[in-house]
Amino acid sequence: MAADFIAGCVAGAAGLLVSQPFDTVKVRLQAQTSGHIRYTGALHCFKSIVRQETVFGLYKGLASPLIGNCLINTILFGFHGNLLKQFNNPGYAEVFLCGSAAGVVQSIVACPMELAKIRMQMEGVGKSPAELKHGAARYSGSIDALVKIYKQENIKGCYRGMASTVIRDSAFGIYFVCYEFLCEQLTKLRADNSRSMLVSITAGGLTGIVSWAVVFPVDVIKTRLQMDGMNGTQQYRGLVDAFRQSIRHDGWAVLTRGLGTTALRSFPCNAVIFPVVEVLLRLMSR
């Protein structure tokens, strides 16, 4: 029972270290509005961050998601694996239901952790570390950000964007079904019909891209809701209002802003996560 939780925890940490720079670029692109375009694209954003904030700017807010990713993947893979064991010969329907249920549960942790991460990633945009040391920084780190948000806005503030997080994370059913489907199809291409490490890596990476493409519009709105009010003025009244205003001011294209960066991030991240989980589960089952 504990094996699924342990494997998820380790895999979450490994996947984050690979994906954090891509995630910072994604958040910066999602957050900018038509009235204030700082970056012309993912590559320009990446270069600007490194030039202005050094390479460490790409890892802003790492503490919160590192802790959060371990917890999130512990919950996600732990609940999914143990729920799936309640079925005899589970099919795609059972995999989907277990994945969706696990996704909803882990959103309780994901929402505040991602809120802190996003606030840190948007902290001191365009400023060098030296400038931030001289009073420009609002938060000293992700944990500090979460503590200050709690003090200023109570627990409700820490769960800003919760509805959009639940909607997005309930799609983890698609995530697990896609992985199983791709593994089956890729295994058939092998002469011995075996599930090799290469199959897991390829299926995991492709699963990351497909699942993010499905939920990305909701993630854009979640990002905007969670950074709303950073400068003192709240722009959105809720999920629906954020969606309407985003479409009205920035057009439908805003719902795919940063998707390319996310696809680049999600392939290596999930190509690491699934094989790590499977290897650890095999080792712990001996």
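These legends accompany close-up views of a predicted model.

**View 1. The largest cavity and the residues at its centre.**
A search of the whole structure returns one cavity of 30 Å³ or more. The largest cavity holds about 590 Å³ of space. Its lining counts 36 residues, and those closest to the centre are Asn69, Glu114, Phe172, Trp212 and Arg265.

**View 2. Helices around the largest cavity.**
Seen by element, the lining draws at least two residues from each of H1 (2–31), H3 (63–84), H4 (92–121), H7 (162–169), H8 (172–188), H9 (197–227) and H11 (259–285). Helix H9 provides the largest share, eight residues. Sorted by class, the lining of the largest cavity comprises 16 nonpolar, eleven polar and nine charged residues.

**View 3. The second largest pocket.**
The second largest pocket contains about 400 Å³ of space. Its lining is made of 17 residues; Asp4, His80, Leu84, Glu180 and Leu281 lie nearest the centre. H3, H8 and H11 are the elements that give two or more residues to this lining. The most come from H11, with five residues. Nine lining residues of the second largest pocket are nonpolar, two are polar and six are charged.

**View 4. A salt bridge between Lys85 and Asp4.**
Lysine 85 and aspartate 4 join their side chains in a salt bridge, 2.8 Å from N to O. Distant parts of the chain are linked here: lysine 85 sits in the loop between H3 and H4, aspartate 4 in helix H1, and 81 residues separate them. Aspartate 4 counts as buried because its relative accessibility is 8%, and buried means under 20%. Aspartate 4 is also among the residues nearest the centre of the second largest pocket.

**View 5. Two further salt bridges.**
Arginine 190 and aspartate 192 pair through their side chains, with a distance of 3.4 Å from N to O. Arginine 190 is partly exposed, at 30% relative accessible area. In another pair, aspartate 241 bonds with arginine 237 in a salt bridge whose closest N and O atoms are 3.5 Å apart. Aspartate 241 is buried, with a relative accessible area of 12%.

**View 6. A network of salt bridges.**
Shared partners connect the salt bridges of Asp23, Lys26, Glu114, Lys117, Arg168, Asp169, Asp219, Lys222 and Arg265 into one network. Two of these members, Glu114 and Arg265, are also listed among the residues closest to the centre of the largest cavity. Over the structure, the count comes to 17 salt bridges. Side chains of opposite charge can pair when their charged atoms come close.

Which residues make the nonpolar surface patch of about 400 Å²? They are Phe96, Leu97, Ile174, Val210 and Val214. Helices H4 and H9 each contribute at least two residues to the patch. Leucine 97 belongs to helix H4. With 54% relative accessibility, leucine 97 counts as exposed.

**View 7. Two asparagines with positive phi.**
Asparagine 89 is not a glycine, yet its phi is positive, about 50°. This residue is found in the loop between H3 and H4. Asparagine 89 is exposed, having a relative accessible area of 75%. Asparagine 154, likewise not a glycine, has a positive phi of about 65°. Asparagine 154 lies in helix H6, which spans residues 142–158.

Valine 147 is placed in helix H6. Where does threonine 74 stand relative to valine 147? Their C-alpha atoms are separated by 23 Å, and the two residues are 73 residues apart along the chain.

Note on methods
Residues numbered from 1 in each chain as written. Predicted model: local features only at pLDDT ≥ 70, side-chain atom pairs only at ≥ 80, totals over all residues. Heavy atoms only, no water. 1 Å grid on protein atoms, 1.4 Å probe; cavity = no way out; pocket = protein on both sides within 12 Å on 5 of 7 lines; lining within 4 Å. Points joined across faces, edges and corners; volume = space filled by probe spheres on them. Helix = DSSP H or I, 4+ residues; strand = E, 2+ residues; numbered from the N terminus. Nonpolar A, V, L, I, M, F, W, Y, C, P; charged D, E, K, R; others polar. Patch = residues over 30% accessible without salt bridge, like charges linked within 9 Å, V, L, I, M, F, W, Y side chains within 5 Å. Areas by Shrake-Rupley, 256 points an atom, 1.4 Å probe, with all protein chains shown as cover. Salt bridge = Lys/Arg side-chain N within 4 Å of Asp/Glu carboxyl O. Buried < 20%, exposed > 50% of the residue type's maximum accessible area, 1.4 Å probe, protein only.
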